[in-house]
Amino acid sequence: MLEAVPTIIETLFLGKSIGRRLAFAPHLPRALVKHVSLAQFRATLEWVNQRSAFYRERFRAAGIEPKRIRRPEDLGDFFTTSADLRERPTEDFVCAKPEAGFETTGTTARNKRVYFSNEEVRDIGYEGAVGLWNLGLRPEDRVVDAFDYAFWNAGITLLHSLERVGCFHVIASKLPPEEFYERVREYRFNVLIVDTAWLVTLTEIAARRGTWPVKFILSGSENMAEATRQWVESVWRAKVYQAYGQTESLGATGVECPRQRGYHLNEVNFYFEILHPNAEGYGELVFTTLTRKVMPFIRYRSNDITRLLPDCDCPLRSMRRIDKIVGRADEIISCGMGMISPWIFETWFGGVPGLADDWQVAVTQPGPRDVLELRLETTEGAEPRAVQAALERELEQRFPYYYKNYRMGMYDLRFVFLPRGTLRPAGPRRKLRRVLDERIPAAAVAARD
Ligand SMILES: [Zn+2]
């Protein structure tokens, strides 16, 4: 009965109106949200124990009896990780017939696959509509979306959100920014929904050639530096908001508060925890799905370092807020190139003559655009210009997706050639960190250690 409370509230009081739902949201008692969440959590635990080969096996190995567990914290050090998703067949997680599938790209040789039912995708889109309404989206607005649709969920979820709000929209998908600019100009779209790094290039074009009246811009998929946001806002004379999510959460972990300070968590569909917070409250965000039947996750480690913020005063205040993501729990970094990890560079550099074994890649941000500084040790007599040309060719052939982003100006490459033996630190811990995020503030580094 309790599990059905949101549905009853929706049916009796809210109907399909997003506006009414948002007007009701501040009056939603936190205790009720928590109570319903925990009931849904227990039902999910039973569900995966009955139907998922992965969870059944892991629970047994860890001596976990689902019936005795009241809340996620009771599971101690039991988690689901992205390595589990990559290493186990997707079918081991699937508990009901899938109808939609998405992938996360680029982090390792094998992409993670996550499956959903159509209803689950629609529901998440509905929650997304509430967040968009909170940012000011209304039925009379005209929206264009420039998301990349290949294997990615963001565009489909957005489509359901826009359907609920009922505004005019066009799917442009991720075109080269110049072409996008030319083609959308005459439509006078007043809401742009785009990819963060791509927006920087579009804004450079708009700064040269002119803008049109825009109500707000929503950018997904990455963290944007505040200085970049301010610059983009000044060019378009419009607010820039960000969404936060991963494919594992169907891109719907949270949407930014209109105050531009943190993301309101989607506590209707997820139970969130901050793992091992440091003195400032920073730790890894972990989530459990509450409403998914096809491929639920129990305590999924997001890898993102953040902290909870104090309550705010906007209509979504009954949903807690997290701060900006300050870093990754391991070396997977989201930047203008995409999601990058050491594996990519090992593969990219591996076949290039003239390179020695040691290398390091740092993501830096000297201006609005991410710059990947490739610190490469070369063999004796190697000619830097020839090595660089070979590297560019190799990138194009092996990683067309990253090469496309490079050609689109979503990030720059800086080649630094070094004599052999310069990168690896001296001393007993001769471990070389392969991929560094040099954009990260000190707080994140403290949280990791
Ligand atoms: Zn807020």
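This is a predicted model: local features need pLDDT of at least 70, side-chain atom pairs count only at pLDDT 80 or more; totals for chains, interfaces and linings use all residues.
Local features were considered at pLDDT of at least 70 and side-chain atom pairs only at pLDDT 80 or more, whereas totals for chains, interfaces and linings use all residues. Residues are numbered from 1 along each chain as its sequence is written.

Nine strands form an open, mixed sheet in the order β4-β3-β5-β6-β7-β8-β9-β14-β13 (strands are DSSP runs of E of at least two residues, helices runs of H or I of at least four, both numbered from the N terminus; strands pair if DSSP finds at least two bridges between them). Because β4 (168-171) and β13 (308-309) each have a single partner strand, one side of each is left without a neighbour in the sheet. Within the sheet, β6 (residues 216-220) and β7 (residues 239-244) are parallel and joined over four bridges, with S219 opposite Q242 of β7.

Helix α7 (residues 154-165) lies across β3 (142-145), β4, β5 (191-195) and β6, and runs at about 170° to β3 (axes are lines fitted to C-alpha atoms, for helices over the stretch in contact, and angles run from 0 to 180 degrees between N-to-C directions). Helix α6 (residues 118-134) packs on α7 at about 60°, the axes being 7 Å apart. The residues of this contact of α6 with α7 comprise 10 nonpolar, five polar and two charged (Ala, Val, Leu, Ile, Met, Phe, Trp, Tyr, Cys and Pro count as nonpolar, Asp, Glu, Lys and Arg as charged, and the others, Gly among them, as polar).

The axes of α9 (residues 196-209) and α10 (residues 226-236) come within 10 Å and cross at roughly 35°. The residues of their contact divide into seven nonpolar, two polar and no charged.

Terms used. Two residues are in contact if their C-beta atoms, placed from the backbone, lie within 7 Å.
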